[in-house]
Amino acid sequence: MSAFNFTPSDPSTFILMGIPGLEAFHIWISIPFSTFYIISLLGNFTLLSVVAKDQTLHKPMYLLLCMLALTDIATPTFVVPKALGIFWFNLKGITMAGCLTQMFFLHMVSVMHSATLVTMAFDRYVAICNPLRYATILTNAQIAKLGLICLIRAVLFILPLTLFLSRQPFCANHIIPHTQCEYTALFKMACGDITVTRIYGLVLMFVVMGFDLTLIALSYGQIIRAILRITSKRAHQKALNTCTTHICVMLTYYTPSFFSNLTYRFGQGIAPHVHIILADLYLLIPPMLNPIIYGIRTKELSDKVGKYTCGK
């Protein structure tokens, strides 16, 4: 049953098609979508709640985890409700303003997430390589300032891309073969000259990914050197365990992102629905896994979660 009867020539409306070629399976696809989303919300809200309640967790490391949890809540929230509307009720229509807004917030949160991972790597670098000055270098106030800088950076990077696209005339065919308003799909529908927009998008991707990954690599290079010099077996194990947790979280974010971009740009022989599913999993899997990884591998946090969820 079609809830909206938009014509493709409507200049103010786009049509999100969901996953073309798998329309008959939309209901079944919605089951893992909604399941992953619910698990993600439960895990991240639990983490936020536990840190907020327990004063002993009001430390830079856990405040950074809260920043990560907020981005993990926001990322699927900008996509999943609309995707489920398509899968369940055939609500495919979205205004141009709504489409550009979704694109802006989705990519802004993604850049914010990456910056948070860089800040977490810096936090571990100071904690392990310069532990005596950790309390003075990274205070809670400093973490708040770094969080604000990460947010401003994300807005300044993504806003021009959105403004460039908002000024573009779009062709008569307003059909987007996707569950979300991806900027690459909007590029393809633009009728005007998109050279500047395309170049900015590519430069932005390489600057954000390249700069952030370089900083993370430099931080962990120094961290590994410091860990190898630790003589105490217990301290060595604790530092290694903390770093392994952070590396796992970074891999769950950057690996799907890398393969999603790789298959989109170089996988011309891959079916379109595979591209779409990979792009959606990239937005669903990391937010679901992050609180689970930290809950399992961080003893202090797992103890507090057990205390508040199961009782003393």
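1. Disulfide count. A disulfide is taken here as a pair of cysteine sulfur atoms within 2.5 Å. By this rule the structure holds one disulfide. C99 and C181 form this bond, with their sulfur atoms 2.0 Å apart. The torsion about the S-S bond is -120°, and the link of C99 and C181 is left-handed. The pair joins distant parts of the chain, 82 residues apart: C99 belongs to helix 4, while C181 lies in the loop between strand 3 and helix 7 (183-189). Both C99 and C181 are buried; buried means under 20% relative accessible area, exposed over 50%, and partly exposed in between, with a 1.4 Å probe and protein chains only.

2. Basis of the values. This is a predicted model, in which local features need pLDDT of at least 70 and side-chain atom pairs count only at pLDDT 80 or more, whereas totals for chains, interfaces and linings use all residues. Residues are numbered from 1 along each chain as its sequence is written, and side-chain values use heavy atoms, with hydrogens and water left out. Helices (H or I, at least four residues) and strands (E, at least two) are DSSP runs, numbered from the N terminus.

3. C129 is in no disulfide, and the nearest cysteine sulfur, that of C243, is 8.5 Å away. C129 counts as partly exposed because its relative accessibility is 29%. The sulfur of C150 is too far for a bond, because the closest cysteine sulfur, in C66, is 15 Å from it.

4. Three strands form an open sheet with mixed pairing, in the order 2-1-3; two strands pair if DSSP finds at least two bridges between them. Strand 2 (93-95) and strand 3 (175-176) are the edge strands, each pairing on one side only. Strand 1 (residues 13-16) pairs with strand 2 in the antiparallel sense, over three bridges. Within strand 2, G93 stands opposite I15. Helix 4 (residues 96-129) lies across strand 1, strand 2 and strand 3, and runs at about 85° to strand 2. For such angles, axes are lines fitted to C-alpha atoms, for helices over the stretch in contact, and angles run from 0 to 180 degrees between N-to-C directions.

5. Helix 3. The buried residues of helix 3 (residues 80-89) are V80, A83, L84, G85, I86 and F87. Their cover includes strand 1, helix 1 (26-53), helix 2 (60-77) and helix 10 (272-297). N90, with a positive phi near 60°, follows helix 3.

6. Nonpolar cores. A nonpolar core is a set of buried Ala, Val, Leu, Ile, Met, Phe, Trp, Tyr and Cys residues joined through side-chain atoms within 4.5 Å. The largest has 54 residues, of which L117, I216 and L301 touch the most other members. Helix 4 gives the most to this core, with 13 residues. Not counting residues up to four places away in sequence, I216 touches L117, V118, A121, M250 and Y254, where contact means heavy atoms within 4.5 Å. A second, separate core of 30 residues includes V80, L84, L100 and F187.

7. A buried glutamine. Q180 is found in the loop between strand 3 and helix 7. Q180 counts as buried because its relative accessible area is 3%. Neighbours within four places in sequence aside, Q180 is in contact with L16, V79, Q102, L106, A279, D280 and L283.
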